[in-house]
Amino acid sequence: ERLYEARSSVVKRKDLPRPVGAVERDQVLREKELSDAESMIREEMLTLLRHDAHAHPFLVETETKKKKKQKSNALPPATPLENIPEDALDAAKELLERETKESIELIKAKDPNYNNLAESKSASSDLFFKNKWSEKKNESDALEAARDEFSTIMEAAAALKKRADKMEGKLSVKHGGYVKRAEGMLQSVLENFGQMKHATIEKAVFENLKQHEDIGAQQRVARLQANIAKLEEQQTLAQRHYGTLLQKKQRLLALKRTANMKKASAKAV
């Protein structure tokens with residue numbers, strides 16, 4: 001947490017401007033013709049702005065019909081930031097320092113008077129503009145010096161970009177086959193990952209269905225067992241009633257035979 005706070009942006013300070021609500025893409029990427037480096041910087045800027053707009057929202061006071069001020073707390077969607085390891089940050093810092101040294105060396109090669117800054121007695125008040133070191137007289141001199149410095153840095157950046165593009169072209173020619181294989185493997189990995197995700201979802205769905213089916217099967221078995229017990233009880237009662245009726249029938253037949261025998265004896269006499 002302390003390391004995160006130390007390297008986080010300063011959007012928590014109330015005296016700095018902050019975006020309100022969702023940050024649209026067109027607000028940051030207005031220009032259509034941008035270099036690759038500028039596009040990457042703008043994309044990173046858009047990600048940081050959207051993350052800060054969600055993580056540290058700026059509450060806006062609104063007045064209702066009853067003249068009561070309320071603060072709107074509608075949050076834009078969350079934009080998670082990539083977790084950059086400490087080693088990667090240190091490596092990036094080292095790379096920036098190396099590029100700064102190379103830029104300074106390029107400036108020294110173009111301007112022999114660059115080293116005069118260390119020999120100047122009043123370096124804090126001297127400015128480099130119009131291809132020479134001069135004493136600062138007014139604010140326009142400082143503005144002109146800043147413009148010259150900016151143009152020099154842009155020339156150095158353009159030279160570095162040219163070298164990087166040339167190196168990128170050589171690497172693409174040298175490792176073009178590996179790049180194509182990596183792209184093919186990446187596509188295959190993404191497809192397999194999608195299939196695995198789909199299979200995981202199907203497994204969860206079928207397991208849920210199986211749980212419901214097991215519960216339903218247990219309930220159906222219980223109902224069938226109750227019906228069987230009831231039928232067995234009815235069958236027992238029916239058998240008892242049938243036995244009683246059978247005994248009554250036999251008793252009546254015996255009485256009938258006795259009566260017939262008495263009639264026959266009476267006729268014989």
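1. Ser103 is found in helix H4; helices here are DSSP runs of H or I of at least four residues, strands are runs of E of at least two, and both are numbered from the N terminus. The model is predicted, so local features need pLDDT of at least 70 and side-chain atom pairs count only at pLDDT 80 or more, while totals for chains, interfaces and linings use all residues. Residues are numbered from 1 along each chain as its sequence is written, and side-chain values use heavy atoms, with hydrogens and water left out.

2. Is Ser103 buried or exposed? Ser103 has a relative accessible area of 18% and is therefore buried (buried means under 20% relative accessible area, exposed over 50%, partly exposed in between, with a 1.4 Å probe and protein chains only). Apart from neighbours within four places in sequence, Ser103 is in contact with Ala156 and Leu160 (contact means heavy atoms within 4.5 Å).

3. Glu105 is also part of helix H4. Its relative accessibility is 48%, so Glu105 counts as partly exposed.

4. How do H4 and H6 cross? The axes of helix H4 (residues 86-110) and helix H6 (residues 139-174) come within 10 Å and cross at roughly 115°. Axes are lines fitted to C-alpha atoms, for helices over the stretch in contact, and angles run from 0 to 180 degrees between N-to-C directions. H4 is therefore roughly perpendicular to H6 (under 35 degrees is roughly parallel, over 145 roughly antiparallel, 65 to 115 roughly perpendicular, the rest oblique).

5. On the H4 side, Glu99, Glu102, Ser103, Leu106, Ile107 and Lys110 meet Thr152, Glu155, Ala156, Ala159, Leu160 and Arg163 in H6. By class, this contact has 5 nonpolar, 2 polar and 5 charged residues (Ala, Val, Leu, Ile, Met, Phe, Trp, Tyr, Cys and Pro count as nonpolar, Asp, Glu, Lys and Arg as charged, and the others, Gly among them, as polar).

6. Helix H3 (residues 36-55) has 20 residues and should span 28 Å at 1.5 Å a residue, which agrees with the 28 Å between its end C-alpha atoms; the expected span is 1.5 Å times one less than the number of residues. The buried residues of H3 are Leu46, His51, Asp52 and Ala53.

7. For the chain as a whole, there are 7 helices and 4 strands, in the order α-α-α-β-β-α-α-β-β-α-α. Of its 269 residues, 8% count as buried.
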